[in-house]
Amino acid sequence: MTALPLSPMVCMRLIPKLSLLLTTCLAASACTPEAPVEGPRTVADAQPTAAPTDAGHVLARRKSDFGATVVEMPEADPAPPAAYDEAPSEIDWTPMPVTAGKASISCDRDYTGGGDGVPLSSLGFSHVWKTMSPCQKTGMVRLRYDGKVDAGFTALVQRVADMADTLGIESRILDIDSSGGQVEEGIKAGDAMAESGWMVWVREDSVCHSSCVLILAAGDTRLVSGPVGIHRMLRIGSKATSRAELNQELREVHGQMSQYLQRNGAAIAIADLMMTVPNRSLRLLTADELARFGLAGRNAAEDDLDRIRLGRKCGEAFVRRKDAFFRDYDMLCTTEGEQVADMGQCGLDLKKRYGFPDSSCPHESPFSEYD
């Protein structure tokens, strides 16, 4: 009997089930099966886990303490990292409390006069909806978070961004105060933020230490007044008995961090520092280092993406005007020691000089969070 040629799609579906068809496919030269690539887990799979309580790991956050950069130790040998998948995961809205820290929602950027808004104690859909609904009037939401970077924080930023999409709130500010937490969750939360348009603040009364810098790297725009510091990762449950074994455990995470920083426009030198600075210590970054490492001001990766997108939508003249605005903003408004509120006001005043917000592209104008 003559073998009939099979389409590639048919071959791909039948190969795992009927191995005899492989010969037919190859004879007909009609298919070239590819090995499936396992994508990242969905949010529903990444359920929060209880944080270790060993005081030796310095996991409890206090203003005077350095938070450990924690890496979860797998029970089996680590597998090669899966390829990064930009496809958004479906948000899991299973009700859960905010347990990792304190969160609140404000529809106003003025924290000096208006405070930090309404406490957000639950991440259930109805509670988040009721808390954020008033922000429809202002068109912006400010999420104040004081606590660790962990699975609960990842769920928090994902759900607030998803609710902002539902309510049509385009301007989002993460006002963070964190001494660190889990590296893997910092990467997950940062990737979610990178796709949902966040400005990130580190106020003068706040800190951003250890794995919090991964969150800072994800922001579209970063206003930094409080101290930002880095130190070495700490592997919980490590079985290493030598430096070589400990290095092998951390090398995989270092690779994941490097890829994450690169796709978010930040320097991979940050990942190197998180392998070298002693965990009991803290390397505070200067204003020049924050700019050089891509952790302050406009995000370079988002800037390039904007230039492509805005050129089509708003025109090349708009893009050049926006570039000129941010050059002046970096020079005039981000001096060391400046308060976040003053940085924002300086940017607001500078916008008028450049004719922003633009009537034809208001949401694409710089500092749209302030309009």
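User: Contact means heavy atoms within 4.5 Å. Leaving aside its neighbours within four places in sequence, which residues is arginine 172 in contact with?

Analyst: This is a predicted model, in which local features need pLDDT of at least 70 and side-chain atom pairs count only at pLDDT 80 or more, while totals for chains, interfaces and linings use all residues. Residues are numbered from 1 along each chain as its sequence is written, and side-chain values use heavy atoms, with hydrogens and water left out. Arginine 172 sits in strand 5, strands being DSSP E runs of at least two residues and helices H or I runs of at least four, numbered from the N terminus. Beyond its sequence neighbours, its contacts are Val141, Ala161, Ala164, Asp165, Ser196, Gly197, Trp198, Met199 and Glu369.

User: Is arginine 172 buried or exposed?

Analyst: Buried means under 20% relative accessible area, exposed over 50%, and partly exposed in between, with a 1.4 Å probe and protein chains only. Because its relative accessibility is 6%, arginine 172 counts as buried.

User: Which residue's backbone oxygen does the side chain of arginine 172 reach at 2.8 Å?

Analyst: A polar contact is a pair of N or O atoms within 3.5 Å, one able to donate a hydrogen and the other to accept it; residues adjacent in sequence count only if both atoms are side-chain atoms. One backbone oxygen, that of isoleucine 169, lies 3.0 Å from a polar atom of this side chain. The one at 2.8 Å belongs to serine 196.

User: Which helix gives the largest share of the lining of the second largest pocket?

Analyst: A pocket is an open set of points on a 1 Å grid over the protein atoms alone where a 1.4 Å probe fits, with protein on both sides within 12 Å along at least five of seven lines; lining residues have an atom within 4 Å of a point. Here 35 residues line the pocket, with Gly197, Asp220, Glu302, Asp306 and Arg309 nearest its centre. Strand 5, helix 7, helix 12 and helix 13 each supply at least two lining residues. The largest share, six residues, is that of helix 12.

User: Which residue in strand 8 is the bridge partner of tryptophan 201?

Analyst: Two strands pair if DSSP finds at least two bridges between them. Strand 6 (residues 198-202) and strand 8 run parallel, joined by four bridges. Strand 8 (residues 221-224) is covered on both faces, with Thr221 and Leu223 buried on one side and Arg222 and Val224 on the other. The bridge partner of tryptophan 201 is leucine 223.
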